[in-house]
Amino acid sequence: MQTTPFAIPSKAAGAGRTFALEALFWAAAVAAIFLAPRRLLLLNEIAILGLFALSLDLVLGYAGIVSLGHAAFFGLGAYSAGLLLLHVTTNPLWALFAAALSGGVLGFATSFLVLRGTDLTRLMVTLGVSLLLGEAANKLHDLTGGADGLQGITAAPVFGLFRFDLAGHTAYVLSLAMLFACVLVARRITASPFGMTLRTIRDNPLRAAAIGVPVTRRLVAVYTIAALFAGLAGGLLAVTTQFVSLDVFDFARSADVMLVLILGGTGYLYGGLLGAVAFKVLQDVISTLTPQYWRFWIGLLLVALMIAGRDRLGAVFKRVPRAGGPS
Amino acid sequence: MAEAGPLLAVDDLVSGYGEAVVVDGLSLALAPGQSMAVLGRNGVGKTTLLNSIIGVTRRMRGRIHLGGVDITALAPERRAHAGIGWVPQERNIFRSLTVEENLVAIARPGPWTLERAYTLFPRIRERRANLGGQLSGGEQQMLAIARALILNPSLMLLDEPTEGLAPIIVEELMATLARLVRDEGLSMLIVEQHAQRILGLTHHAIILERGRIVWRGASAALAADQATLDTHLGVTQRAP
(Lines give C-alpha, C1' and ligand atoms only; values in the text may rest on other atoms or scores of the structure.)
Protein backbone atom coordinates (compact mmCIF):
# COMPACT_ATOMS: atom_id res chain seq x y z
CA MET A 1 0.00 0.00 0.00
CA GLN A 2 2.97 2.28 0.34
CA THR A 3 4.28 3.92 -2.77
CA THR A 4 7.62 2.93 -4.22
CA PRO A 5 10.68 3.25 -2.03
CA PHE A 6 12.62 6.46 -2.42
CA ALA A 7 16.33 6.91 -2.58
CA ILE A 8 17.66 9.09 0.19
CA PRO A 9 21.02 10.18 -1.16
CA SER A 10 21.78 12.80 1.48
CA LYS A 11 21.98 10.10 4.12
CA ALA A 12 24.56 8.15 2.17
CA ALA A 13 27.64 9.64 3.83
CA GLY A 14 26.39 8.91 7.33
CA ALA A 15 25.21 5.48 6.26
CA GLY A 16 28.71 4.69 5.01
CA ARG A 17 30.24 5.38 8.38
CA THR A 18 27.56 3.42 10.19
CA PHE A 19 28.15 0.53 7.83
CA ALA A 20 31.89 0.55 8.55
CA LEU A 21 31.21 0.42 12.28
CA GLU A 22 28.77 -2.41 11.79
CA ALA A 23 31.32 -4.35 9.76
CA LEU A 24 33.88 -3.76 12.50
CA PHE A 25 31.49 -5.11 15.10
CA TRP A 26 30.85 -8.34 13.20
CA ALA A 27 34.49 -8.77 12.30
CA ALA A 28 35.33 -8.56 16.00
CA ALA A 29 32.59 -11.04 16.81
CA VAL A 30 34.00 -13.53 14.31
CA ALA A 31 37.61 -12.84 15.29
CA ALA A 32 36.69 -13.68 18.88
CA ILE A 33 36.35 -17.34 17.84
CA PHE A 34 40.08 -17.42 17.23
CA LEU A 35 41.25 -14.80 19.71
CA ALA A 36 39.36 -16.09 22.73
CA PRO A 37 38.92 -19.85 22.23
CA ARG A 38 38.66 -20.37 25.98
CA ARG A 39 35.83 -17.89 26.40
CA LEU A 40 33.46 -19.24 23.78
CA LEU A 41 30.84 -20.26 26.33
CA LEU A 42 30.79 -16.71 27.65
CA LEU A 43 30.63 -15.38 24.10
CA ASN A 44 27.72 -17.71 23.41
CA GLU A 45 25.89 -16.26 26.41
CA ILE A 46 26.64 -12.78 25.13
CA ALA A 47 25.27 -13.58 21.67
CA ILE A 48 22.08 -15.03 23.16
CA LEU A 49 21.63 -12.09 25.53
CA GLY A 50 22.32 -9.74 22.61
CA LEU A 51 19.57 -11.36 20.55
CA PHE A 52 17.22 -11.17 23.51
CA ALA A 53 18.03 -7.47 23.96
CA LEU A 54 17.61 -6.85 20.22
CA SER A 55 14.12 -8.25 20.58
CA LEU A 56 13.37 -5.88 23.45
CA ASP A 57 14.78 -2.98 21.44
CA LEU A 58 12.21 -3.58 18.69
CA VAL A 59 9.46 -3.37 21.27
CA LEU A 60 10.83 -0.63 23.51
CA GLY A 61 13.22 1.34 21.34
CA TYR A 62 11.10 1.42 18.20
CA ALA A 63 7.51 0.99 19.30
CA GLY A 64 7.81 2.49 22.78
CA ILE A 65 6.22 -0.45 24.60
CA VAL A 66 7.79 -0.97 28.01
CA SER A 67 8.01 -4.56 29.18
CA LEU A 68 9.12 -6.18 32.41
CA GLY A 69 8.14 -9.64 31.26
CA HIS A 70 10.11 -10.24 28.12
CA ALA A 71 11.39 -13.48 29.64
CA ALA A 72 7.97 -14.99 28.92
CA PHE A 73 8.92 -15.42 25.26
CA PHE A 74 12.50 -16.38 26.03
CA GLY A 75 11.34 -19.00 28.50
CA LEU A 76 8.65 -20.43 26.26
CA GLY A 77 11.16 -20.66 23.43
CA ALA A 78 13.65 -22.45 25.68
CA TYR A 79 11.07 -24.99 26.86
CA SER A 80 9.68 -25.52 23.36
CA ALA A 81 13.16 -26.23 22.02
CA GLY A 82 14.05 -28.41 24.99
CA LEU A 83 10.87 -30.48 24.81
CA LEU A 84 11.18 -30.95 21.08
CA LEU A 85 14.76 -32.18 21.47
CA LEU A 86 13.73 -34.46 24.27
CA HIS A 87 10.65 -36.03 22.71
CA VAL A 88 10.48 -35.45 18.97
CA THR A 89 13.75 -34.86 17.18
CA THR A 90 17.31 -34.12 18.15
CA ASN A 91 17.79 -31.80 15.20
CA PRO A 92 18.83 -28.48 16.76
CA LEU A 93 17.50 -26.40 13.86
CA TRP A 94 13.99 -27.78 14.24
CA ALA A 95 14.26 -26.98 17.92
CA LEU A 96 15.17 -23.38 17.11
CA PHE A 97 12.30 -23.18 14.66
CA ALA A 98 9.89 -24.42 17.31
CA ALA A 99 11.30 -21.93 19.81
CA ALA A 100 10.86 -18.97 17.46
CA LEU A 101 7.40 -20.12 16.43
CA SER A 102 6.17 -20.58 20.00
CA GLY A 103 7.57 -17.20 21.00
CA GLY A 104 5.86 -15.58 18.04
CA VAL A 105 2.52 -17.21 18.75
CA LEU A 106 2.64 -16.14 22.39
CA GLY A 107 3.68 -12.65 21.31
CA PHE A 108 0.76 -12.38 18.93
CA ALA A 109 -1.69 -13.63 21.54
CA THR A 110 -0.46 -11.33 24.30
CA SER A 111 0.07 -8.30 22.05
CA PHE A 112 -3.61 -7.48 22.44
CA LEU A 113 -3.05 -7.11 26.18
CA VAL A 114 -0.36 -4.46 25.81
CA LEU A 115 -2.10 -2.39 23.11
CA ARG A 116 -4.09 -0.39 25.54
CA GLY A 117 -3.12 1.34 28.68
CA THR A 118 -0.31 3.36 30.07
CA ASP A 119 3.30 2.39 30.61
CA LEU A 120 2.47 1.22 34.12
CA THR A 121 -0.30 -1.05 32.82
CA ARG A 122 2.06 -2.50 30.26
CA LEU A 123 4.80 -3.10 32.82
CA MET A 124 2.38 -4.96 35.05
CA VAL A 125 0.67 -6.93 32.28
CA THR A 126 3.96 -8.11 30.76
CA LEU A 127 5.29 -8.95 34.22
CA GLY A 128 2.08 -10.83 35.00
CA VAL A 129 2.26 -12.91 31.81
CA SER A 130 5.83 -14.00 32.55
CA LEU A 131 4.92 -14.86 36.15
CA LEU A 132 1.97 -16.92 34.93
CA LEU A 133 4.10 -18.89 32.51
CA GLY A 134 6.86 -19.40 35.06
CA GLU A 135 4.41 -20.76 37.58
CA ALA A 136 2.73 -22.92 34.95
CA ALA A 137 6.11 -24.43 34.05
CA ASN A 138 6.68 -25.10 37.74
CA LYS A 139 3.28 -26.72 38.16
CA LEU A 140 3.47 -28.91 35.03
CA HIS A 141 6.08 -31.05 36.65
CA ASP A 142 5.48 -34.09 34.45
CA LEU A 143 6.14 -32.11 31.32
CA THR A 144 8.81 -29.66 32.40
CA GLY A 145 10.51 -31.43 35.27
CA GLY A 146 9.42 -28.57 37.53
CA ALA A 147 12.17 -27.16 39.70
CA ASP A 148 14.61 -29.83 38.50
CA GLY A 149 14.41 -28.53 34.97
CA LEU A 150 14.46 -30.42 31.69
CA GLN A 151 17.14 -33.04 32.07
CA GLY A 152 18.79 -35.26 29.49
CA ILE A 153 18.39 -33.05 26.43
CA THR A 154 20.65 -33.99 23.56
CA ALA A 155 21.05 -32.02 20.39
CA ALA A 156 22.41 -33.75 17.30
CA PRO A 157 25.24 -32.07 15.39
CA VAL A 158 24.19 -29.03 13.36
CA PHE A 159 23.60 -30.13 9.72
CA GLY A 160 24.83 -33.52 10.98
CA LEU A 161 28.37 -32.13 10.90
CA PHE A 162 29.08 -29.80 13.81
CA ARG A 163 28.89 -31.48 17.18
CA PHE A 164 28.17 -29.37 20.25
CA ASP A 165 31.60 -29.44 21.87
CA LEU A 166 32.46 -28.65 25.50
CA ALA A 167 34.46 -25.58 24.50
CA GLY A 168 31.35 -24.02 22.99
CA HIS A 169 32.72 -23.63 19.49
CA THR A 170 29.61 -24.82 17.68
CA ALA A 171 27.38 -23.12 20.23
CA TYR A 172 28.91 -19.70 19.70
CA VAL A 173 29.01 -19.94 15.92
CA LEU A 174 25.37 -21.05 15.82
CA SER A 175 24.23 -18.29 18.17
CA LEU A 176 26.26 -15.69 16.33
CA ALA A 177 24.82 -16.79 12.99
CA MET A 178 21.27 -16.54 14.34
CA LEU A 179 22.02 -13.16 15.87
CA PHE A 180 23.41 -11.91 12.58
CA ALA A 181 20.37 -13.11 10.67
CA CYS A 182 18.02 -11.44 13.14
CA VAL A 183 19.94 -8.17 13.02
CA LEU A 184 19.65 -8.20 9.23
CA VAL A 185 15.90 -8.75 9.47
CA ALA A 186 15.52 -6.09 12.15
CA ARG A 187 17.55 -3.64 10.09
CA ARG A 188 15.35 -4.25 7.11
CA ILE A 189 12.21 -3.79 9.17
CA THR A 190 13.26 -0.63 10.95
CA ALA A 191 14.43 1.09 7.78
CA SER A 192 11.17 0.40 5.96
CA PRO A 193 8.10 2.64 6.07
CA PHE A 194 6.75 0.10 8.55
CA GLY A 195 9.65 0.91 10.88
CA MET A 196 9.16 4.64 10.38
CA THR A 197 5.52 4.36 11.39
CA LEU A 198 6.65 2.53 14.52
CA ARG A 199 8.67 5.58 15.46
CA THR A 200 5.69 7.85 14.84
CA ILE A 201 3.74 5.64 17.24
CA ARG A 202 6.50 5.89 19.83
CA ASP A 203 6.49 9.68 19.45
CA ASN A 204 2.71 9.97 19.83
CA PRO A 205 0.27 7.11 19.17
CA LEU A 206 -2.87 9.24 19.01
CA ARG A 207 -1.38 11.66 16.53
CA ALA A 208 0.07 8.84 14.48
CA ALA A 209 -3.40 7.31 14.18
CA ALA A 210 -4.90 10.63 13.17
CA ILE A 211 -2.54 10.96 10.23
CA GLY A 212 -3.32 7.47 9.05
CA VAL A 213 -0.97 5.07 10.84
CA PRO A 214 -2.79 1.83 11.71
CA VAL A 215 -1.42 1.84 15.25
CA THR A 216 -2.99 -1.39 16.48
CA ARG A 217 -1.87 -3.49 13.53
CA ARG A 218 1.65 -2.09 13.69
CA LEU A 219 2.02 -2.78 17.41
CA VAL A 220 0.69 -6.32 17.06
CA ALA A 221 3.10 -6.97 14.21
CA VAL A 222 6.22 -5.63 15.92
CA TYR A 223 5.37 -7.30 19.22
CA THR A 224 4.96 -10.62 17.43
CA ILE A 225 8.23 -10.27 15.55
CA ALA A 226 10.08 -9.29 18.71
CA ALA A 227 8.58 -12.21 20.61
CA LEU A 228 9.73 -14.51 17.83
CA PHE A 229 13.29 -13.23 18.26
CA ALA A 230 13.07 -13.66 22.03
CA GLY A 231 11.76 -17.20 21.59
CA LEU A 232 14.67 -17.95 19.28
CA ALA A 233 17.09 -16.61 21.89
CA GLY A 234 15.55 -18.92 24.49
CA GLY A 235 15.77 -21.79 22.02
CA LEU A 236 19.46 -21.08 21.48
CA LEU A 237 20.05 -21.29 25.21
CA ALA A 238 18.27 -24.66 25.38
CA VAL A 239 20.07 -26.05 22.34
CA THR A 240 23.55 -24.85 23.21
CA THR A 241 23.46 -25.64 26.94
CA GLN A 242 21.23 -28.72 26.53
CA PHE A 243 19.44 -27.83 29.71
CA VAL A 244 16.36 -25.77 30.56
CA SER A 245 15.33 -24.75 34.05
CA LEU A 246 12.67 -22.50 35.52
CA ASP A 247 14.99 -19.54 35.68
CA VAL A 248 14.38 -18.89 31.96
CA PHE A 249 11.12 -17.29 33.11
CA ASP A 250 12.76 -15.49 36.00
CA PHE A 251 11.87 -11.88 36.67
CA ALA A 252 15.60 -11.21 36.94
CA ARG A 253 15.97 -12.25 33.32
CA SER A 254 13.38 -9.70 32.19
CA ALA A 255 14.99 -7.05 34.35
CA ASP A 256 18.49 -7.89 33.14
CA VAL A 257 17.58 -7.61 29.48
CA MET A 258 16.04 -4.21 30.13
CA LEU A 259 19.23 -3.21 31.94
CA VAL A 260 21.35 -4.49 29.06
CA LEU A 261 19.34 -2.49 26.56
CA ILE A 262 19.44 0.69 28.61
CA LEU A 263 23.17 0.19 29.08
CA GLY A 264 23.72 0.05 25.34
CA GLY A 265 21.02 2.52 24.33
CA THR A 266 17.63 2.02 22.73
CA GLY A 267 16.42 2.57 19.22
CA TYR A 268 19.42 1.76 17.03
CA LEU A 269 19.52 -2.07 17.11
CA TYR A 270 23.14 -2.37 18.23
CA GLY A 271 22.39 -1.04 21.72
CA GLY A 272 21.27 -4.44 22.94
CA LEU A 273 24.31 -6.12 21.40
CA LEU A 274 26.83 -3.70 22.86
CA GLY A 275 24.95 -3.69 26.14
CA ALA A 276 25.13 -7.48 26.24
CA VAL A 277 28.90 -7.38 25.71
CA ALA A 278 29.35 -4.77 28.43
CA PHE A 279 26.98 -6.49 30.83
CA LYS A 280 28.47 -9.97 30.50
CA VAL A 281 32.07 -8.78 30.55
CA LEU A 282 31.40 -6.65 33.62
CA GLN A 283 29.63 -9.54 35.24
CA ASP A 284 32.55 -11.80 34.44
CA VAL A 285 35.19 -9.39 35.68
CA ILE A 286 33.43 -8.11 38.77
CA SER A 287 32.17 -11.49 39.90
CA THR A 288 35.74 -12.78 39.79
CA LEU A 289 36.77 -9.96 42.11
CA THR A 290 33.75 -9.95 44.41
CA PRO A 291 31.57 -12.97 43.67
CA GLN A 292 28.65 -11.91 45.83
CA TYR A 293 28.42 -8.24 45.15
CA TRP A 294 28.65 -7.86 41.43
CA ARG A 295 25.10 -6.57 41.21
CA PHE A 296 26.11 -3.71 43.47
CA TRP A 297 28.46 -2.42 40.80
CA ILE A 298 25.99 -3.01 38.02
CA GLY A 299 23.42 -1.08 40.05
CA LEU A 300 25.84 1.75 40.63
CA LEU A 301 26.67 1.87 36.95
CA LEU A 302 23.00 1.92 36.01
CA VAL A 303 22.21 4.80 38.35
CA ALA A 304 25.23 6.74 37.12
CA LEU A 305 24.23 6.10 33.54
CA MET A 306 20.66 7.29 33.99
CA ILE A 307 21.70 10.37 35.94
CA ALA A 308 24.49 11.27 33.56
CA GLY A 309 21.96 11.13 30.75
CA ARG A 310 22.19 10.12 27.17
CA ASP A 311 25.90 9.52 26.85
CA ARG A 312 25.76 5.84 26.25
CA LEU A 313 28.31 3.14 25.78
CA GLY A 314 27.41 2.88 22.17
CA ALA A 315 27.30 6.59 21.42
CA VAL A 316 29.74 6.22 18.54
CA PHE A 317 27.45 3.67 16.98
CA LYS A 318 24.46 5.94 17.08
CA ARG A 319 23.10 7.60 14.02
CA VAL A 320 25.67 10.03 12.86
CA PRO A 321 24.56 13.66 12.45
CA ARG A 322 22.58 14.17 9.31
CA ALA A 323 23.73 16.42 6.55
CA GLY A 324 23.11 20.07 7.22
CA GLY A 325 21.92 19.65 10.79
CA PRO A 326 23.51 20.13 14.18
CA SER A 327 24.58 16.96 15.97
CA MET B 1 -15.55 13.28 -6.88
CA ALA B 2 -18.53 12.04 -8.80
CA GLU B 3 -21.15 11.82 -6.04
CA ALA B 4 -23.86 14.42 -6.08
CA GLY B 5 -24.10 14.76 -2.30
CA PRO B 6 -21.79 16.76 -0.09
CA LEU B 7 -18.21 15.63 0.46
CA LEU B 8 -18.46 16.27 4.16
CA ALA B 9 -21.70 16.22 6.10
CA VAL B 10 -21.77 16.83 9.84
CA ASP B 11 -25.22 16.32 11.37
CA ASP B 12 -26.20 17.55 14.79
CA LEU B 13 -22.78 16.82 16.24
CA VAL B 14 -22.34 16.99 20.00
CA SER B 15 -18.83 16.17 21.14
CA GLY B 16 -16.14 17.06 23.62
CA TYR B 17 -13.72 15.56 26.08
CA GLY B 18 -14.75 13.48 29.08
CA GLU B 19 -17.91 15.05 30.48
CA ALA B 20 -17.32 18.42 28.85
CA VAL B 21 -19.45 19.28 25.83
CA VAL B 22 -17.54 21.58 23.49
CA VAL B 23 -19.26 21.21 20.11
CA ASP B 24 -22.95 21.45 20.84
CA GLY B 25 -25.36 20.47 18.09
CA LEU B 26 -23.43 21.53 15.03
CA SER B 27 -24.39 20.71 11.45
CA LEU B 28 -22.57 21.62 8.27
CA ALA B 29 -22.11 20.40 4.73
CA LEU B 30 -19.29 20.98 2.30
CA ALA B 31 -19.49 20.19 -1.41
CA PRO B 32 -16.56 18.60 -3.25
CA GLY B 33 -13.98 21.14 -4.36
CA GLN B 34 -15.21 23.73 -1.88
CA SER B 35 -13.38 25.20 1.04
CA MET B 36 -14.68 26.60 4.28
CA ALA B 37 -13.28 28.97 6.87
CA VAL B 38 -14.08 28.03 10.46
CA LEU B 39 -13.91 31.21 12.51
CA GLY B 40 -14.57 32.25 16.06
CA ARG B 41 -12.93 33.49 19.22
CA ASN B 42 -10.75 31.30 21.43
CA GLY B 43 -12.43 28.34 23.04
CA VAL B 44 -15.60 28.25 20.94
CA GLY B 45 -14.95 24.72 19.66
CA LYS B 46 -13.13 25.22 16.36
CA THR B 47 -10.33 22.79 17.08
CA THR B 48 -12.73 20.39 18.76
CA LEU B 49 -14.81 20.37 15.58
CA LEU B 50 -11.77 19.31 13.56
CA ASN B 51 -10.73 16.80 16.21
CA SER B 52 -14.22 15.31 16.10
CA ILE B 53 -13.99 14.90 12.35
CA ILE B 54 -10.66 13.08 12.64
CA GLY B 55 -12.04 11.04 15.51
CA VAL B 56 -10.05 11.87 18.62
CA THR B 57 -12.79 13.41 20.74
CA ARG B 58 -15.66 11.87 22.64
CA ARG B 59 -18.81 11.98 20.53
CA MET B 60 -22.11 12.18 22.40
CA ARG B 61 -24.50 12.62 19.49
CA GLY B 62 -24.66 13.20 15.77
CA ARG B 63 -23.16 11.64 12.66
CA ILE B 64 -20.35 12.46 10.25
CA HIS B 65 -20.35 11.38 6.60
CA LEU B 66 -17.45 11.65 4.18
CA GLY B 67 -18.24 11.18 0.51
CA GLY B 68 -21.54 9.58 1.47
CA VAL B 69 -19.85 7.05 3.79
CA ASP B 70 -20.70 7.11 7.47
CA ILE B 71 -17.36 7.51 9.25
CA THR B 72 -18.85 8.22 12.67
CA ALA B 73 -17.74 4.93 14.16
CA LEU B 74 -14.40 4.62 12.39
CA ALA B 75 -11.08 4.72 14.23
CA PRO B 76 -8.86 7.72 13.44
CA GLU B 77 -6.54 5.84 11.08
CA ARG B 78 -9.52 4.47 9.14
CA ARG B 79 -10.83 8.00 8.72
CA ALA B 80 -7.44 9.10 7.47
CA HIS B 81 -7.52 6.29 4.93
CA ALA B 82 -11.09 7.22 4.01
CA GLY B 83 -9.73 10.57 2.84
CA ILE B 84 -9.18 12.99 5.69
CA GLY B 85 -5.85 14.78 5.77
CA TRP B 86 -5.17 16.56 9.02
CA VAL B 87 -2.78 19.43 9.62
CA PRO B 88 -2.79 19.88 13.37
CA GLN B 89 -2.30 23.13 15.21
CA GLU B 90 0.95 22.00 16.81
CA ARG B 91 2.06 20.63 13.41
CA ASN B 92 2.98 17.42 15.15
CA ILE B 93 6.07 16.67 13.17
CA PHE B 94 7.64 13.41 14.29
CA ARG B 95 10.90 14.62 15.71
CA SER B 96 12.83 11.39 15.55
CA LEU B 97 12.14 10.96 11.84
CA THR B 98 13.74 12.86 9.02
CA VAL B 99 11.64 15.15 6.85
CA GLU B 100 11.54 12.52 4.15
CA GLU B 101 10.70 9.74 6.60
CA ASN B 102 7.86 11.85 7.97
CA LEU B 103 6.40 11.79 4.47
CA VAL B 104 7.33 8.31 3.28
CA ALA B 105 6.10 6.61 6.45
CA ILE B 106 2.46 7.33 5.72
CA ALA B 107 2.34 7.94 1.97
CA ARG B 108 -0.59 6.40 0.15
CA PRO B 109 -0.86 5.97 -3.59
CA GLY B 110 -2.53 8.73 -5.56
CA PRO B 111 -1.81 11.88 -7.50
CA TRP B 112 0.18 13.38 -4.62
CA THR B 113 3.63 11.83 -4.56
CA LEU B 114 6.77 12.72 -2.67
CA GLU B 115 8.02 14.46 -5.78
CA ARG B 116 4.94 16.65 -6.11
CA ALA B 117 5.03 17.50 -2.44
CA TYR B 118 8.65 18.61 -2.85
CA THR B 119 7.75 20.64 -5.91
CA LEU B 120 5.05 22.40 -3.94
CA PHE B 121 7.44 23.10 -1.05
CA PRO B 122 11.01 23.37 -2.38
CA ARG B 123 12.22 24.35 1.10
CA ILE B 124 11.15 20.96 2.38
CA ARG B 125 13.14 19.25 -0.34
CA GLU B 126 16.27 21.09 0.81
CA ARG B 127 15.68 19.84 4.34
CA ARG B 128 14.74 16.30 3.42
CA ALA B 129 17.54 14.66 5.42
CA ASN B 130 17.05 16.81 8.52
CA LEU B 131 15.25 15.52 11.56
CA GLY B 132 11.75 16.85 12.11
CA GLY B 133 12.87 18.56 15.30
CA GLN B 134 15.43 20.65 13.42
CA LEU B 135 12.92 22.56 11.29
CA SER B 136 11.75 26.11 11.76
CA GLY B 137 8.10 26.76 12.49
CA GLY B 138 7.33 27.60 8.88
CA GLU B 139 9.12 24.54 7.58
CA GLN B 140 7.27 22.37 10.07
CA GLN B 141 4.00 23.79 8.83
CA MET B 142 4.93 23.09 5.23
CA LEU B 143 5.93 19.56 6.17
CA ALA B 144 2.65 19.06 8.02
CA ILE B 145 0.73 20.15 4.93
CA ALA B 146 2.89 18.03 2.64
CA ARG B 147 2.33 15.06 4.93
CA ALA B 148 -1.42 15.53 4.76
CA LEU B 149 -1.28 15.84 0.96
CA ILE B 150 0.75 12.67 0.48
CA LEU B 151 -2.05 10.70 2.10
CA ASN B 152 -4.02 11.79 -0.96
CA PRO B 153 -7.02 13.00 0.99
CA SER B 154 -10.34 14.16 -0.41
CA LEU B 155 -10.67 16.65 2.44
CA MET B 156 -7.96 18.62 4.23
CA LEU B 157 -8.45 19.92 7.76
CA LEU B 158 -6.09 22.71 8.71
CA ASP B 159 -5.97 23.94 12.28
CA GLU B 160 -4.62 27.50 12.51
CA PRO B 161 -2.00 26.98 9.84
CA THR B 162 -0.52 30.47 10.22
CA GLU B 163 -0.25 30.58 13.98
CA GLY B 164 3.12 31.77 15.22
CA LEU B 165 4.63 32.23 11.77
CA ALA B 166 6.47 35.26 10.43
CA PRO B 167 4.35 37.44 8.11
CA ILE B 168 6.42 36.59 5.06
CA ILE B 169 5.98 32.87 5.69
CA VAL B 170 2.27 33.39 6.24
CA GLU B 171 2.04 35.04 2.83
CA GLU B 172 3.91 32.21 1.14
CA LEU B 173 1.76 29.62 2.87
CA MET B 174 -1.48 31.37 2.02
CA ALA B 175 -0.48 31.58 -1.63
CA THR B 176 0.18 27.83 -1.63
CA LEU B 177 -3.13 27.04 0.05
CA ALA B 178 -4.94 29.29 -2.41
CA ARG B 179 -3.32 27.37 -5.25
CA LEU B 180 -4.41 24.06 -3.76
CA VAL B 181 -7.99 25.29 -3.48
CA ARG B 182 -8.14 27.04 -6.86
CA ASP B 183 -6.00 24.84 -9.12
CA GLU B 184 -6.28 21.44 -7.47
CA GLY B 185 -9.87 21.79 -6.36
CA LEU B 186 -8.89 20.39 -2.99
CA SER B 187 -11.59 20.63 -0.34
CA MET B 188 -10.55 22.21 2.90
CA LEU B 189 -11.81 23.15 6.29
CA ILE B 190 -9.53 25.84 7.72
CA VAL B 191 -9.66 26.98 11.31
CA GLU B 192 -8.22 30.45 11.67
CA GLN B 193 -8.04 33.25 14.22
CA HIS B 194 -7.41 35.90 11.60
CA ALA B 195 -10.51 35.92 9.45
CA GLN B 196 -9.18 38.28 6.79
CA ARG B 197 -6.27 35.99 6.05
CA ILE B 198 -8.43 33.17 4.75
CA LEU B 199 -11.69 34.72 3.62
CA GLY B 200 -9.97 35.44 0.33
CA LEU B 201 -9.20 31.83 -0.40
CA THR B 202 -12.26 30.03 0.98
CA HIS B 203 -15.68 29.76 -0.62
CA HIS B 204 -17.71 29.55 2.56
CA ALA B 205 -17.33 30.64 6.13
CA ILE B 206 -18.89 29.74 9.44
CA ILE B 207 -18.53 31.51 12.77
CA LEU B 208 -18.76 29.48 15.94
CA GLU B 209 -19.83 30.60 19.37
CA ARG B 210 -20.12 28.23 22.32
CA GLY B 211 -20.01 25.16 20.12
CA ARG B 212 -22.70 26.30 17.68
CA ILE B 213 -22.72 28.03 14.33
CA VAL B 214 -23.92 31.59 14.75
CA TRP B 215 -23.25 32.78 11.22
CA ARG B 216 -22.81 31.01 7.91
CA GLY B 217 -22.53 32.25 4.37
CA ALA B 218 -20.17 33.09 1.56
CA SER B 219 -16.66 34.14 2.52
CA ALA B 220 -16.85 37.11 0.20
CA ALA B 221 -20.00 38.31 1.92
CA LEU B 222 -18.41 38.00 5.35
CA ALA B 223 -15.28 39.78 4.26
CA ALA B 224 -17.42 42.76 3.28
CA ASP B 225 -19.58 42.63 6.39
CA GLN B 226 -17.53 44.52 8.95
CA ALA B 227 -20.41 44.65 11.43
CA THR B 228 -20.65 40.86 11.65
CA LEU B 229 -16.90 40.51 11.95
CA ASP B 230 -16.90 43.05 14.77
CA THR B 231 -19.80 41.44 16.59
CA HIS B 232 -18.53 37.87 16.55
CA LEU B 233 -14.79 38.11 16.16
CA GLY B 234 -13.91 41.47 17.70
CA VAL B 235 -12.13 44.54 16.52
CA THR B 236 -8.85 42.75 15.81
CA GLN B 237 -10.38 41.38 12.65
CA ARG B 238 -10.36 44.65 10.74
CA ALA B 239 -8.57 44.51 7.47
CA PRO B 240 -5.04 45.81 7.77
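At what angle do helix H2 (residues 40–62) of chain A and helix H7 (residues 169–191) of chain A pack? Close-up 1 has the answer, but a few ground rules come before it.

This is a predicted model, where local features need pLDDT of at least 70, side-chain atom pairs count only at pLDDT 80 or more, and totals for chains, interfaces and linings use all residues. Residues are numbered from 1 along each chain as its sequence is written, while chains are lettered from A and ligands numbered from 1 in the order in which they are written.

**Close-up 1. Two helices of chain A, side by side.**
H2(A) and H7(A) pack at about 20°, with axes 8 Å apart (helices are DSSP runs of H or I, at least four residues, and strands are runs of E, at least two, numbered from the N terminus; axes are lines fitted to C-alpha atoms, for helices over the stretch in contact, with angles from 0 to 180 degrees between N-to-C directions). That makes the pair roughly parallel (angles under 35 degrees; over 145 is roughly antiparallel, 65 to 115 roughly perpendicular, and the rest oblique). Residues in the contact include Leu51(A) and Leu54(A) from H2(A), and Leu179(A) and Val183(A) from H7(A) (contact: C-beta atoms, placed from the backbone, within 7 Å). By class, the contact has 16 nonpolar, 5 polar and no charged residues (Ala, Val, Leu, Ile, Met, Phe, Trp, Tyr, Cys and Pro are nonpolar, Asp, Glu, Lys and Arg charged, the others, Gly among them, polar).

**Close-up 2. The open sheet of chain B.**
Six strands line up as S6-S7-S8-S3-S9-S10 in chain B, with mixed pairing (two strands pair if DSSP finds at least two bridges between them). At the edges sit S6 (84–87) and S10 (212–218) of chain B, each pairing on one side only. Neighbouring strands are turned by 15° against each other on average, direction ignored.

Strands S3 (residues 35–39) and S9 (residues 204–209) of chain B run parallel and are joined by 4 bridges. Met36(B) stands opposite His204(B) in S9(B). Helix H6 (residues 137–149) of chain B lies across S6 and S7 (155–159) of chain B, at about 170° to S6(B).

**Close-up 3. Where chain B meets chain A.**
Here 32 residues of chain B are in contact with 27 residues of chain A. Helices H2 (76–82) and H3 (99–104) of chain B each supply at least two residues of the chain B side, and H2(B) gives the largest share, 4 residues. That side has 18 nonpolar, 7 polar and 7 charged residues. The model scores ipTM 0.79 and pTM 0.83.

Definitions and conventions:
Contact = placed C-beta atoms within 7 Å.
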